[in-house]
Amino acid sequence: MKEIFLSQLCGYWYLFTVDQVQLVLPLAEAPVPFNRADRIWLQTSDGKTAELCPLSLLFSWGAHQAVVHDHFLLLHHGERLLALPMQGSGYYGSARIETMRPLPPAFSALSRQMIPALLVNGREVFMQIDLGTLVQAMDKIAYLRKQKQLLVRQEQGVKGGAHAE
Amino acid sequence: MQNKTTALQQRFFLLPLAIDTNGDEPWYCLFAQIQVVGVLGRRTIYPVPFSPGYLKGCIEWQDSVVPVIDVDLLCGGKEKNPRTPLRQLLLVRTGQIDAVSGEPLKLALKCTSTVSTFKPSVHDNGQIVAENEVPPALAAQDLSRGYFRLRNYRVMLLDLDGIVQGKSESTKRVGGDDGMFLHGSDG
């Protein structure tokens with residue numbers, strides 16, 4: 001049996017292993033997020049910073065995106081802390097490892113890397129998110145944003161130069 | 001004669017395609033009764049990150065997980081208004097076998113229009129469709145086993161074997177040099 005934590009993100013259920021869960025923080029007790037180095041952070045009470053993960057950039061949740069979160073799920077991966085907006089406070093549970101299955105072969109290798117396993121209870125599908133891949137995705141998002149900002153500044157610089165002439 | 005008789009006893013399913021036909025008659029995907037596992041009502045589609053646009057996610061069905069395909073997008077068409085409610089899911093079996101279960105791999109096809117059915121009569125014979133009748137968007141996808149005209153319908157036979165195994169070009173492109181296929185990286 002594997003100890004798991006089930007969390008509801010934007011109306012869908014996702015699972016993490018218990019050892020990945022650092023803290024479940026109610027929104028009312030959460031500090032105000034702040035920007036730094038093209039990322040959004042939360043300062044925890046013990047002085048650590050958790051990166052807010054905009055999972056909506058990775059998941060096409062569509063209509064469910066309007067769902068409001070009332071907790072943050074803080075997860076740790078190595079030295080990094082990630083904060084995921086969550087509805088409800090989640091549930092601890094356990095699952096038999098042999099019942100967990102991979103995504104069907106129609107999905108790409110990268111999808112399978114992000115979602116290494118699924119749990120099906122006959123009514124719902126719970127997807128496990130791989131934190132290593134999530135961290136890589138967040139780094140990539142920050143990189144792409146920075147590239148876009150540089151490009152915009154370059155274009156503005158060129159336009160400014162053209163006007164000056 | 002016996003094969004034709006057997007074929008006539010079958011029902012066929014027609015899935016309308018929302019692709020640009022320049023005002024000509026619409027196109028449909030044709031599925032034989034033997035391919036169709038069932039027509040499912042509305043249910044939750046679970047999105048999966050880093051998927052090509054036509055691969056909408058997966059559904060739970062009989063304690064298994066089935067990928068969901070938007071056939072319009074797969075065939076080069078445009079997605080209908082995302083707020084257009086899902087009407088049905090056409091669950092089809094493909095020619096590929098799951099290595100673990102030994103069962104045929106299945107796909108759920110997202111239907112925002114009603115799937116119609118018909119039983120052909122002895123007088124129904126397929127007619128060849130000229131190559132220049134096929135919309136460029138369809139021809140470019142290289143997903144067809146054939147095009148023909150049946151009764152008043154222009155139909156194509158969709159080849160889903162590569163899609164169900166993740167061997168389509170779109171799926172291979174995901175995670176290429178850029179590394180990530182992001183659902184909008186604007187921030």
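Me: Where in chain A is Cys10(A)?
Reply: In this predicted model, Cys10(A) sits in the loop that links strand E1 (2–9) to strand E2 (12–17) of chain A.

Me: What is its phi, positive or negative?
Reply: Positive: the phi of Cys10(A) is near 55°, and the residue is not a glycine.

Me: Is Cys10(A) buried or exposed?
Reply: Cys10(A) counts as buried, because its relative accessibility is 9% and the cut-off for buried is under 20%.

Me: And Asp38(A), where does that one lie?
Reply: Asp38(A) is in the loop between strand E4 (34–36) and strand E5 (39–43) of chain A. Its phi is positive too, at about 65°, and Asp38(A) is not a glycine either.

Me: Switching to cysteines. How many disulfides are there over all chains?
Reply: The count comes to 0 disulfides over all chains.

Me: Is Cys29(B) buried or exposed?
Reply: Buried, since Cys29(B) has 0% relative accessibility.

Me: On to the sheets of chain B. What is the strand order in the open sheet of 5 strands?
Reply: The order is E3-E6-E7-E5-E4 (chain B), and the pairing is mixed. At the edges are strand E3 (36–40) and strand E4 (55–61) of chain B, each of which pairs on one side only. From one strand to the next, the twist averages 30°.

Me: How do E6 and E7 of chain B pair, parallel or antiparallel?
Reply: Antiparallel: strand E6 (residues 88–97) and strand E7 (residues 104–111) of chain B pair over 7 bridges. One of the bridge partners in E7(B) is Pro104(B), which goes with Ile97(B).

Me: And the open sheet of 6 strands, what order does that have?
Reply: The order there is E8-E1-E2-E11-E10-E9 (chain B), with mixed pairing. Its edge strands are strand E8 (116–118) and strand E9 (127–128) of chain B, and each pairs on one side only.

Me: How many bridges join E1 and E2 of chain B?
Reply: Strand E1 (residues 12–17) and strand E2 (residues 27–32) of chain B pair over 6 bridges in the antiparallel sense. Leu17(B) has Trp27(B) as its bridge partner in E2(B).

Me: Which residue in E11(B) is the bridge partner of Trp27(B)?
Reply: Arg154(B). E2(B) and strand E11 (residues 153–158) of chain B pair in the parallel sense, over 3 bridges.

Me: What stands opposite Arg154(B) from E10(B)?
Reply: Arg149(B) stands opposite Arg154(B). Strand E10 (residues 144–150) of chain B and E11(B) pair in the antiparallel sense over 6 bridges.

Me: How many residues lie between the strands in that hairpin?
Reply: The hairpin of E10(B) and E11(B) has 2 residues between the strands, and Arg151(B) takes a positive phi near 55° in that hairpin.

Notes: Residues are numbered from 1 along each chain as its sequence is written. Chains are lettered from A and ligands numbered from 1 in the order in which they are written. This is a predicted model: local features need pLDDT of at least 70, side-chain atom pairs count only at pLDDT 80 or more; totals for chains, interfaces and linings use all residues. Side-chain values use heavy atoms; hydrogens and water are left out. Helices (H or I, at least four residues) and strands (E, at least two) are DSSP runs, numbered from the N terminus. Buried means under 20% relative accessible area, exposed over 50%, partly exposed in between (1.4 Å probe, protein chains only). A disulfide is a pair of cysteine sulfur atoms within 2.5 Å. Two strands pair if DSSP finds at least two bridges between them. Axes are lines fitted to C-alpha atoms, for helices over the stretch in contact, and angles run from 0 to 180 degrees between N-to-C directions.
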